[in-house]
Amino acid sequence: MIRFPEGFLFGSASSATQTEGASLKDGKKQNIWDLWYELEPYKFRDQIGPDETSGFYDNYKEDIKLLKQTGHNSYRTSISWSRLFPDGFGEINQKAVEFYTDVFERIKAEGIELFVNLYHFDMPASLQEIGGWDNKQVVEYYVSYAKKAFELFGHLVDRWFTFNEPIVHVECGYLLQYHYPMEVNPKKAVQVAFNTQLASAKAIKVFKEMEINAKIGIILNLTPAYPRSNHPEDVKAAEYAELFAKKSFLDPSVLGKYPKELVEVIKSENLMPDYTDEELKIIEENTVEFLGVNYYQPLRVRQMPYRLLDDAIFMPTNYYLPYEMPGRRLNPYRGWEIYPDAVYDIGIDIRDNYNNIEWLISENGMGVEDEERFRVDGQIQDDYRIEFFKDHLKFLHKAIEEGSNCIGYQVWTFIDCWSWLNAYKNRYGLVELNLETKKRTIKKSGEWFKKLSENNGFEL
Ligand code: BG6
């Protein structure tokens with residue numbers, strides 16, 4: 001039997017845009033997902049957009065009851081910025097205040113620890129029009145939004161997050177064209193990354209000044225970069241990959257400083273952002289109180305074998321090549337390698353290099369296509385998901401045994417939800433969503449998760 005420390009948090013994570021639906025209802029205005037879907041619906045799988053989610057906005061009372069039935073003692077969701085402030089700033093939407101207050105009160109009434117994230121890839125469209133994270137005025141609007149959220153819901157929320165996976169809106173929005181505004185603009189990408197870090201630190205500053213009885217952190221998608229071999233060139237490639245993918249947000253968030261090697265690369269590429277010493281000081285003095293770690297797949301890399309053109313456009317992958325390890329265990333539906341060992345490596349890395357800060361796995365999960373084929377007597381028998389959880393929990397437990405300060409494990413996700421670009425192709429939920437009827441049915445993994453949480457562990 002594997003047992004976790006007393007009070008260990010078990011739960012799941014979700015986000016506003018992926019669950020609420022009602023994207024233009026009761027005063028909410030467009031965020032970049034609503035806008036992008038209006039402009040280019042063909043870029044979304046099966047042309048399903050953010051209005052067609054599981055419908056938490058209308059179903060939350062029933063959904064919250066399911067949290068208990070699936071063993072949640074903690075739950076993370078996010079506030080939709082453009083629901084609370086339809087224009088991103090200025091007038092507040094009273095309907096949104098009522099909605100989030102009722103949601104949060106009901107979750108608390110169930111005795112569930114409530115985690116609330118302020119930003120999950122969902123910039124209000126009106127603020128994107130003025131440049132989004134590239135514009136420092138937007139940083140100020142974000143801080144005002146955060147302050148209002150702390151004022152309104154500070155008595156209900158146990159743990160706040162400033163951002164979910166900030167590297168994603170940097171890379172996907174400004175280098176790789178997976179997210180709106182789909183630019184390829186390294187200079188902006190660096191500015192967006194810096195401004196996001198500044199926004200996080202400024203929100204933490206306000207939070208601390210308000211002396212709220214809760215904790216504040218950030219969610220980062222972390223993994224050590226694994227080199228193909230011990231050859232010094234492969235190892236060097238892995239160091240570069242970690243600089244971009246891991247340390248770019250982890251170091252300033254936890255240690256208050258950017259790694260000097262990263263600054264050197266950015267300088268040598270002529271990409272330094274616009275910043276002031278005062279802003280660096282704000283970042284240095286306002287680090288996180290705990291950390292959420294999303295983990296799905298490892299980062300494997302090899303030496304960059306080609307010489308680049310002198311004027312090659314900057315991409316992190318100018319410094320390393322992603323590497324597909326032969327024989328890797330794969331989730332074929334998402335194309336992501338399954339490597340549970342990394343959870344241990346992450347825990348030890350945080351213990352040894354990041355002051356052993358309090359942390360939790362804030363997302364981990366397996367998206368599977370056509371789960372319908374696993375239905376027996378009306379229930380999805382998702383044994384593969386249970387195995388996936390167990391494998392990761394074993395390595396998490398090992399890291400905790402060796403002193404890593406991990407306080408919980410939250411899976412992605414609660415009820416099958418809408419995915420940014422994959423819509424409903426891959427299902428992640430502990431609870432099945434019937435797309436036509438919207439009926440919710442607990443999967444085998446949901447029942448297993450309840451036992452896991454009740455027993456604070458599981459049989460090997
Ligand atoms: C995480 C995000 O990185 O991955 C979630 O925080 C996302 O929002 C999840 O849904 C799974 O990824 P995908 O692309 O399969 O939905």
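Predicted model: local features only at pLDDT ≥ 70, side-chain atom pairs only at ≥ 80, totals over all residues.
Which residues come nearest to the ligand? There are 13 residues around the ligand, and those that come nearest are Gln-18, Glu-165, Arg-334, Ser-419 and Tyr-428. If we sort the shell around the ligand by class, we find 5 nonpolar, 5 polar and 3 charged residues.

Ser-419 places a polar side-chain atom 2.7 Å from an oxygen atom of the ligand, and for Trp-420 the distance from a side-chain N or O atom to a ligand oxygen is 2.9 Å. Trp-412 also has a polar side-chain atom facing this count, at 3.5 Å from an oxygen atom of the ligand. Taken on its own, the ligand has 380 Å² of accessible area, and the protein covers 91% of that.

Now to the cavities, of which a search of the whole structure finds 7 with 30 Å³ or more. The largest cavity holds about 70 Å³ of space, and its lining includes Ile-32, Tyr-119, Trp-133 and Pro-181. Which helix gives the most to that lining? The answer is helix 8, residues 166-174, which contributes 3 residues. By class, the lining of the largest cavity has 8 nonpolar and 4 polar residues, with no charged residues.

Methods:
Residues numbered from 1 in each chain as written. Heavy atoms only, no water. Near = heavy atom within 4 Å. Polar contact = N/O pair within 3.5 Å; in protein donor to acceptor, adjacent residues only side chain to side chain. Areas by Shrake-Rupley, 256 points an atom, 1.4 Å probe, with all protein chains shown as cover. Nonpolar A, V, L, I, M, F, W, Y, C, P; charged D, E, K, R; others polar. 1 Å grid on protein atoms, 1.4 Å probe; cavity = no way out; pocket = protein on both sides within 12 Å on 5 of 7 lines; lining within 4 Å. Points joined across faces, edges and corners; volume = space filled by probe spheres on them. Helix = DSSP H or I, 4+ residues; strand = E, 2+ residues; numbered from the N terminus.
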